[in-house]
Amino acid sequence: MSFNVISGSIEQGLAFAIMALGVYFTSRVLNFPDLTVDGSFPLGAAVTAALITRGCTPWFATLMALGAGLLAGAATGLLNTKLRISGMLAGILTMTGLYSVNLRVMGRSNLPLLRQPTILTRLADHIGSDLRVALIAFIVIGLAAKFFLDWFLHTELGLAVRATGDNPQMIRSQGVDTDSVKVLGLSMANALVALSGSLVAQHQGFADVGMGIGTIVIGLASVIIGEVFFRPRTVFWATASVLFGSVLYRVTVFLALRMGFAPTDLKIVTSALVVLALSAPVLKENLVLPAVQGVRSLAGKREAVRTSVKDGRPL
Amino acid sequence: MLRMAGLYKTFNLGINSVCALKNINLHVKPQDFITIIGSNGAGKSTLLSIAAGVYPPDEGTIHIGGTDVTRLPEHLRASFVGRVFQNPLQGTAGSMTIEENLALAECRSKGRTLGIGVNRKKRERYKELLSLLGLGLEDRLSDPVGLLSGGQRQSLTLIMASMGQPKLLLLDEHTASLDPRTAEQVLELTQTIVREHRLTVLMVTHNLSHALEMGNRTIMLDKGEIILDICEPERGELTVDDLLGRFAQARGERLLDDRLLLASR
């Protein structure tokens, strides 16, 4: 398995990691079950593909994707805070609506970007195409997104966002309008998700209306895998573990494909992976530890039998 | 400092309606320290919540420091109001560090920017602030608040509530869930902070002797009405038994199964 083969998964992992950072933001910081993600991810891809094929520069198209995600997140936030629709349902409503929006934006269900300029081809023109441009670009963008979140969540405003997820009643009594904070947080998170969708589309060379299905699970998988490995206690390590989790997830998927799973099996592999990561503590407690103890006590019994037989005592 | 006029509040309008406050008129002078007593359901917490802006009154007006705040929602009123809750978990963000919680409180009166929340200068200030407590918290600035005990959390919440010179400090049975010794310490701290910052305080308590020992004025609520309002120096002559008598008068024999009786023994 050469580096070339696996670097494809690492690139993908880093591109998806930006989406996973968005999922981390909503699920862990804001404590909001945001399902908008499944719609805002392909939204970013759709906006980028539509603009590039209409002749816009790739940079502008990427920026617009970010803006579109911002609006999608704001829509969910407003549904939840102004119309008092439950968080989960608000996200589902936005996600469902976005499916039609994405089809409108693209004009068809699949929009290829082959032979079109993307930020990756532009970078290749600048720095030479013999390097792994996508890998370098996604490392830089992924780290930039991580450090941006690290910075933001330590500002005075960012502390208020974190407190809103932790103890809304407390932070209201400290003068923060938790409704506005939620809208702000959801907007920022979905902007990241759409940016990720835009990068993925430019990397794989097409946008597809179905590419968002299961995005939230992939995002959660990345967050949870990262947590299992790093057990982060600070924002800095939490975001780092999300990046790591996303890459590890892609590598796992790559290995699953190698083991003979069909690409259509990937969703159930993903679900199984999340179940495994989520249940790791329970499994450890209920299966691994008793097994170890069982072996020990069995060994103890055997020892007892042996000594009693040796001593000629009845059992 | 605080002026409540003709306040009414009813919950669950309709068949099961509960009249929580009935025609409350209360004028709190600057640096008044008022203790509020009354049995369960008398409207004590409702009174504090309305002062804090958690919900608006059905009728009546509220002025804080001359400003009409009747319709001002909680988060906009917070710059005038510091608050400590009964549950120690309620006043702080458990997953965030001590210094981050202090920074959250410090921004209450001055608003929030994109400046870094905790820097070295603030950290020095927080260290000094916490060293007054004598709980050793000044050396644990970057520990999550979730690791602290109830008494420590409540002390921290008190410090946070008093930051930025609030016009009004609301204490809602803030020692009720602490063990007696810790409760005494937190009450002592309360006195010190109130004296130092010259705060105006409303304190709900179930402990009648505390109610008479602390502050300069005591009001008793019953079924949403103020049935006793007594200031120093007259209050000095009042005993816990007198208060119990007033309760008995107001409530009849129902007093016997009241939590108040237990609290005063």
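# Terms and cut-offs in a two-chain model

Biologist: A:Leu266 sits in helix α12 (residues 266-278) of chain A. What makes a stretch a helix or a strand here?

Modeller: Helices (H or I, at least four residues) and strands (E, at least two) are DSSP runs, numbered from the N terminus. This is a predicted model, in which local features need pLDDT of at least 70 and side-chain atom pairs count only at pLDDT 80 or more, while totals for chains, interfaces and linings use all residues. Residues are numbered from 1 along each chain as its sequence is written, and chains are lettered from A and ligands numbered from 1 in the order in which they are written.

Biologist: Why is A:Leu266 called partly exposed?

Modeller: A residue is buried if 20 or more other C-beta atoms, placed from the backbone, lie within 10 Å of its own, exposed if 12 or fewer, and partly exposed in between. A:Leu266 has 15 C-beta neighbours inside 10 Å, so it counts as partly exposed. Its C-alpha atom is separated by 32 Å from that of A:Arg122, 144 residues apart along the chain.

Biologist: Is A:Arg115 buried or exposed, and what makes it so?

Modeller: A:Arg115 has 7 C-beta neighbours inside 10 Å, so it counts as exposed. This residue is in the loop between β1 (110-112) and α5 (119-127) of chain A.

Biologist: What is the phi of A:Arg115?

Modeller: Phi of A:Arg115 is near 60 degrees, a positive value in a residue other than glycine. Most residues other than glycine have a negative phi, and most peptide bonds are trans. B:Lys223 also has a positive phi, near 45 degrees; B:Lys223 is in the loop between β9 (217-222) and β10 of chain B. With 17 other C-beta atoms within 10 Å, B:Lys223 is partly exposed. The peptide bond from B:Glu232 to B:Pro233 is cis, with omega near 5 degrees, and B:Pro233 is in the loop between β10 and α8 (240-251) of chain B.

Biologist: How do you know which strands of the sheet in chain B stand at the edges?

Modeller: Two strands pair if DSSP finds at least two bridges between them. The open sheet has six strands in the order β6-β7-β8-β3-β9-β10 (chain B), with mixed pairing. β6 (81-84) and β10 (225-231) of chain B each have a single partner strand, so one side of each is left without a neighbour in the sheet.

Biologist: What joins β3 to β8 in chain B?

Modeller: Four bridges join β3 (residues 33-37) to β8 (residues 201-204) of chain B, and the two strands run parallel. B:Thr35 stands opposite B:Met203 in β8(B).

Biologist: Why is chain B called as compact as a globular protein of its length?

Modeller: The globule rule is 2.2 Å times the number of residues to the power 0.38, and the radius of gyration is taken over C-alpha atoms. Chain B has a radius of gyration of 19 Å, close to the 18 Å that the rule gives for 265 residues, so chain B is as compact as a globular protein of that length. Of its 265 residues, 44% count as buried.

Biologist: How many residues of the two chains are in contact?

Modeller: Two residues are in contact if their C-beta atoms, placed from the backbone, lie within 7 Å. By that rule, 20 residues of chain A are in contact with 25 residues of chain B. On the side of chain A that touches chain B, the largest share, eight residues, comes from α7(A).
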